[in-house]
Amino acid sequence: YILADGTVVDTGGTKAVDVTLGYIINYNDETKAGEITVHLSPITIEEASDRFETILPRRTIDGEPKYFAARDINIVSDYYGVISVEVVSSNPDIFSAEGKYNKPNEDTDITLTVTVSDSYNSITTEYTVTIQGRTPLEIAEEGIEWVENNFLDMYLTSDTKLPTSCENNSCEISWTANDPYIISDGKIVQSVFERYVQLTATVKYQTASQKTSFWCKVGALGTSNMSDVEIIESYL
């Protein structure tokens with residue numbers, strides 16, 4: 001595997017090989033002898049660097065490779081205990097150094113800095129990778145989920161403020177009711193008795209929109225400070 005002058009003649013094919021080297025050191029009239037064991041990798045750091053590039057999905061645009069990610073990527077961090085691969089992501093929240101993909105709201109370019117090294121040498125390469133984001137429809141559907149998780153079975157009063165945007169993303173929300181007298185332009189009108197209203201939330205993001213409908217109870221007005229005439233007029 002290794003000649004006496006250190007030349008590697010065989011890397012072991014597809015497996016790592018331990019090679020024991022004997023040495024003799026002479027200095028003046030003293031001699032020291034011993035052995036060391038080296039771990040021989042079947043691939044070089046150049047080959048390991050090339051392997052990283054092959055795991056990145058790519059498209060060729062104008063003759064140049066364009067890298068992207070739309071899923072988790074299995075990143076190998078160690079080859080045979082000899083070669084290490086260190087990855088640094090410029091935005092680990094959407095794509096981590098371990099290859100974990102977290103879909104952003106829109107396509108986002110990040111930089112992956114990859115350093116492949118052994119005990120003596122290293123190769124560092126930077127890749128610009130487009131992390132593919134959610135489509136407008138996916139974001140609108142996510143907004144619908146947020147509305148349904150937070151506003152089903154609401155108890156409505158005139159003080160209720162219906163949201164006009166989603167807290168979890170940039171969607172806009174508009175509200176309509178099956179009885180526009182009760183709810184119009186987000187304002188709620190109470191009467192002297194409780195009643196139910198069917199609310200419809202329309203969630204929009206860019207070109208996409210989604211709707212969800214559900215029933216809510218509208219609370220009754222307090223009548224202790226109302227005259228009989230006011231109560232009758234409210235009822236009518």
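In which sense do β9 and strand β14 pair, and over how many bridges? The legends below take up this pairing and other details. The model is predicted: local features need pLDDT of at least 70 and side-chain atom pairs count only at pLDDT 80 or more, whereas totals for chains, interfaces and linings use all residues. Residues are numbered from 1 along each chain as its sequence is written, and side-chain values use heavy atoms, with hydrogens and water left out.

**View 1. An open sheet of 4 strands with mixed pairing.** The strand order is β9-β14-β13-β10. At the edges are β9 (155–156) and β10 (172–177), each of which pairs on one side only. β9 and strand β14 (residues 208–218) pair in the parallel sense over 2 bridges, and Tyr 155 stands opposite Lys 217 in β14. Strands (E, at least two residues) and helices (H or I, at least four) are DSSP runs numbered from the N terminus; two strands pair if DSSP finds at least two bridges between them.

**View 2. Thr 212 in strand β14.** Thr 212 is buried, with a relative accessible area of 7%; buried means under 20%, exposed over 50% and partly exposed in between (1.4 Å probe, protein chains only). The side chains of Thr 212 and Glu 148 are joined by a polar contact of 2.6 Å. Such a contact is a pair of N or O atoms within 3.5 Å; within protein, one must be able to donate a hydrogen and the other to accept it, and residues adjacent in sequence count only if both atoms are side-chain atoms.

View 3. Tyr 27 stands opposite Glu 30 in β2. The hairpin has 2 residues between the strands, and Asn 28 takes a positive phi near 55 degrees.

**View 4. Cysteines Cys 166 and Cys 216.** The whole structure holds 0 disulfides, a disulfide being a pair of cysteine sulfur atoms within 2.5 Å. Cys 166 is in no disulfide, and the nearest cysteine sulfur, that of Cys 171, is 4.6 Å away. The sulfur of Cys 216 is 16 Å from the closest cysteine sulfur, in Cys 166, and therefore too far for a bond. Cys 166 is buried, with a relative accessible area of 5%; Cys 216 is also buried, at 1%.
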